[in-house]
Amino acid sequence: MARQAIAIRLESAVDKAASWFRSQRKKDGTIQGQKDTFLFDALPFCRAVGEGVFAQHYIEKVSQTFFASDGGYSVPTGSERYVPYIGGWWAWGTCMWDRTAVASSTLSYALTFQDRRTGGLFGNLQDRNRGRGEMHFDSTMMVGLACAFTGRIGDARKIAQFALELQHDQPHPSERFLWCRHSDGHLLTEFPRDDAVEYAMVRGAPKQGYWKSGLFIAFLTILYGSTGESEYLRASEEHFERAIHNATDVMRTGFSHKLAWASTLLYLTTNDSRYLKASVQIAEHLLSLQQSDGSFIYPEVEGIAGASYLLKMAVLFQFTTWLHCVRSVL
């Protein structure tokens, strides 16, 4: 009965989010407030809420306006540090809508950011062009996931090796998980204090980068599903335990939104109820962040969200997509 009740609440939340989204659409296939960039994470949301006509129209609009013939794309101001992350999302989404040519060209461009030595991806054009710098974790995982989803298994395996080595090489795993490797091979142990969440997940500390754990787990679980190679599933399950062990707030923070999705994937793969329990607990917290109009707040980045309509849309797209994923297994 409790399972049915949460399923009903999740379905209602997805419907409310879809209704608010429809109120923001314009007749020309864009979104209110959208000017000089595209909403790269809109397409999985459209799949979740059944917006097929809009999705196909939007793909055409974005392709004509923001993409070059080589698959390169413009990014909004402030997003220059994670260029391939945007491409990974767009490739994943366009593949969902059977636009395989768009997905392939986008991924080919995103993979020009890959460092041959480590297998990770540079986040920005400057580091890519000079072939030296920090690997951007979120970009690396998102492009790897898109490769696995679209059938580029060779490319996905190279990125997976980066992920496996990153997990294996942690110097003090009981204390923290370091997210960033330099192209010269070393893990970054010193970083700006005000940006620490991007570089390390500290055990027992609140408001850690649990979304990164979600990306790690989702990528390797999807790749396991494509290859049947057990090392990927083992690494996903091990990382899940690392993410929740001694985590003071992992089930009640917006930072865990992608972990709801990843836990659902683990549950579908293993049928282990621990993962379903985690996905439902995180989903219940996300439900508490939905507003009466169907949009969501994201308290952990409230200052940014208040100043950025595009970020508000991104929160809507991603939170709703993960809630839909959890609903699908209940």
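This is a predicted model: local features need pLDDT of at least 70, side-chain atom pairs count only at pLDDT 80 or more; totals for chains, interfaces and linings use all residues.

Visitor: Okay, which residues do ring pairs link into a cluster?
Guide: That cluster is made of Phe21, Phe38, Phe45, Phe54, Tyr58, Phe66, Phe67, Tyr73, Trp90, Tyr109, Phe113 and Phe317.

Visitor: And how many aromatic pairs does the structure hold?
Guide: There are 30 aromatic pairs. Take Phe177 and Trp179: their ring centres are 4.8 Å apart and the planes sit at 50°, so this pair is tilted.

Visitor: Is Phe177 buried or exposed?
Guide: Phe177 is buried, because its relative accessibility is 0%. Trp179 also has a relative accessible area of 0%, so Trp179 is buried.

Visitor: Switching to helices: at what angle do the axes of α8 and α9 cross?
Guide: At roughly 135°, and the axes come within 11 Å. Here α8 covers residues 153–168 and α9 covers residues 210–227. That angle is why α8 counts as oblique to α9. The crossing is left-handed.

Visitor: Which residues make the contact?
Guide: From α8 you have Ile153, Ala156, Arg157, Ile159, Ala160, Ala163, Leu164 and Gln167. On the α9 side, the residues are Phe216, Phe219, Leu220, Leu223, Ser226 and Thr227.

Visitor: What does the contact of α8 with α9 have by class?
Guide: It has 10 nonpolar, three polar and one charged residues.

Key
Residues are numbered from 1 along each chain as its sequence is written. Side-chain values use heavy atoms; hydrogens and water are left out. Axes are lines fitted to C-alpha atoms, for helices over the stretch in contact, and angles run from 0 to 180 degrees between N-to-C directions. Helices (H or I, at least four residues) and strands (E, at least two) are DSSP runs, numbered from the N terminus. Angles under 35 degrees count as roughly parallel, over 145 as roughly antiparallel, 65 to 115 as roughly perpendicular and the rest as oblique. A crossing is left-handed if the near helix is turned anticlockwise from the far one by less than a right angle, and right-handed if clockwise. Contact means heavy atoms within 4.5 Å. Ala, Val, Leu, Ile, Met, Phe, Trp, Tyr, Cys and Pro count as nonpolar, Asp, Glu, Lys and Arg as charged, and the others, Gly among them, as polar. Rings of Phe, Tyr and Trp (its six-membered ring) pair if their centres lie within 6.5 Å; planes under 30 degrees apart count as stacked, over 60 as edge-to-face and the rest as tilted. Buried means under 20% relative accessible area, exposed over 50%, partly exposed in between (1.4 Å probe, protein chains only).
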